[in-house]
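Trainee: I would like to learn how to read side-chain and helix features from a model. Where do we begin?

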Amino acid sequence: MTQRSKIYIDATLGPTYSFTKKHYYHHIMEINLAHVLMLRNQKIIEQEHASSILEATHKLYKQGYEKKYDSNFEDLFFMLEDDLSKVIGPELVGNMHIAFSRNDMDTTMFRMFWRERIVEWMNTINILRNELLRLVDEHKTTIMTAHTHNQQAQPTTLSHYLMAVVHNLQRDVQRGQELYNRVNRSPMGAAALSTTGYNIDRENISKRLGFDSPLSNSYDAISASDFMIELKSVLSISLSTLSRFVNDLIFMTTNEVNTLRLHDMHVQTSSIMPQKRNPSALEHTRASISKAIGSLENTIFLAHNVPLGDIVDIGDDIQPPLYTGFKTSVEVVEILTEILHHCTFNKELLLENAQKGFATVTEISDVIVRNYSIPFRSAHGIVSTFVKDLVKEGLDLTNGSASKINNIAKNSFQILLNLTEEEYQSAICVRNFVNVRNILGGPSLKAIEFQYEEAVKSLKNDNYWLNEKQKQFFDYKQRLTEDVVSCIKK
């Protein structure tokens, strides 16, 4: 046998072996066990041979595999085959791989691994959703200023803002569920790419491995990489939303804003400035989001511009960056959940900031339109001129008046307006601004309570879905073991 290149071993074969052994070993062994059970059921191999193969394979499955890479073999697949051959002989091991290829095995183990990781990720997202809903419930009437273009926009509530994040995460989980359903299809039985002449039962092995069904085209089964790219996309979309949320939280911790205070465990001080409370946990979370997206982006670069053939061509190379991106994504959600659990929002300062400036003037325009049938664009112009005049005079809304607005309407727009002082004071009140926005999706208490209740129901349903999937993982493994033990005893 020609000696393999040491550079090739150190750079590719060794690391790939280690990664595969760490993450996919048990899936490989489960595939082997399920395949032999299927061959036995189809009478492709004899009961006696199946029993011997299953006994040796199951023993190896339970004890694990600690061997270091042996360069005499291409990969873990052939090392396992050699070990089993020493126990039960090469002929039985060869029969074990009737209608079986590394091609369908590899993409099957990828799908088995990633369906578990998808559930793991969704579970962490749901924990974050639960934490956010706790804050929503606590801050249903906490007034704050919303910003657009990084400028003061309108008053809202902290719960209204946080519900926007909750809804984003809710859609992330929906995307995860849809992805799971596409991932949880079995490639086994596709063999190299065009199935086999043996009378195998693809439904049988699919069910034994906990899949919903077999993939219906064998070429697609061994060549598809879209499920990994879709995983990259689902994670990246979620990370993108979280990055915007983290950016807002960092803004709120600044001394000039000071509406969010992190727990001491999540801040660091300066080496020279004793007063500093740097929001380091949030800053590192922001950086971790960038690292995760960078790792995930490698997936599409690796998957494009290669032949539509065996996924093994690129599958081994995609896995490490995809896993790094996944692992960092989970860590981001976990630390953000912890930060939110221990932080405090300054309700008084949030309200005070909302009362400053001109955030409520939209309501003045709306009152003019609703109560006096003035066209909105005219009302907008009147109030815009009113704000500009106050700014020029160094004043704010508390120094304004209904009479000033009436004069501007008459002198600058030739409109007779009789806005009352009571109407003016009500319009500039931040609590009134929030309370009158009582329609579906709005920030009023009634609207928020409806959103909150719907979000709680959604989270409950999604947690139920996840529990069912985790139960399915446990059940298929248990059934597989029971069937193996039963076959060995026959």
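**Reading rings, helices and burial**

Mentor: Arg102 lies over the face of Phe77, at 6.0 Å from the ring centre. Keep in mind that this is a predicted model.

Trainee: Which arginine lies over the face of Phe433, and at what distance from the ring centre?

Mentor: That is Arg437, at 3.7 Å from the centre of the Phe433 ring.

Trainee: How many aromatic pairs does the structure hold?

Mentor: There are 16 aromatic pairs. To class a pair, look at the angle between the planes: under 30 degrees is stacked, over 60 is edge-to-face, and the rest are tilted. The rings of Tyr17 and Tyr69 have planes at 45 degrees and centres 5.4 Å apart, so this pair is tilted.

Trainee: Where do Tyr17 and Tyr69 sit in the chain?

Mentor: Tyr17 is in helix H1 (residues 6-41), while Tyr69 is in the loop between helix H2 (47-63) and helix H3 (76-88). They are 52 residues apart, and the pair links distant parts of the chain.

Trainee: Is Tyr69 buried or exposed?

Mentor: Burial is read from relative accessible area, with under 20% counting as buried. Tyr69 has 18%, so it is buried. Tyr17 is buried as well, at 2% relative accessibility.

Trainee: What kind of aromatic pair do Phe113 and Trp114 form?

Mentor: Their pair is edge-to-face, with 80 degrees between the planes and 4.9 Å centre to centre. Phe113 counts as buried at 3% relative accessibility, and Trp114 counts as buried at 1%. Ring pairs also link Phe113 and Trp114 into a cluster with Phe19, Tyr24, Phe110, Tyr323 and Phe326.

Trainee: Now the helices. How does the reach of H3 compare with the expected value?

Mentor: The check sets the distance from first to last C-alpha against 1.5 Å a residue. H3 has 13 residues and reaches 18 Å, close to the 18 Å expected.

Trainee: Which residues of H3 are buried, and what covers them?

Mentor: The buried residues are Leu76, Phe77, Met79, Leu80, Asp83, Leu84, Ser85 and Ile88. Their cover includes H1, H2, helix H4 (90-96) and helix H5 (102-138).

Trainee: What does the reading give for helix H14 (residues 376-392)?

Mentor: H14 has 17 residues and reaches 24 Å, close to the 24 Å expected. Among its buried residues are Ile382, Phe386 and Leu390. The cover over the buried residues of H14 includes helix H13 (361-372), helix H15 (402-413) and helix H16 (421-427). Gly394 follows H14, with a positive phi near 70 degrees.

Trainee: Which residues is Asn32 in contact with, leaving aside neighbours within four places in sequence?

Mentor: Those contacts are Thr57, Met96, His97 and Phe100. Asn32 is found in helix H1, and its relative accessible area is 5%, so Asn32 is buried.

Terms used
Residues are numbered from 1 along each chain as its sequence is written. Side-chain values use heavy atoms; hydrogens and water are left out. Rings of Phe, Tyr and Trp (its six-membered ring) pair if their centres lie within 6.5 Å; planes under 30 degrees apart count as stacked, over 60 as edge-to-face and the rest as tilted. Helices (H or I, at least four residues) and strands (E, at least two) are DSSP runs, numbered from the N terminus. Buried means under 20% relative accessible area, exposed over 50%, partly exposed in between (1.4 Å probe, protein chains only). A charge sits over a ring if NZ of Lys or CZ of Arg is within 6 Å of the ring centre and within 35 degrees of the ring normal. The expected span of a helix is 1.5 Å times one less than its number of residues. Contact means heavy atoms within 4.5 Å.
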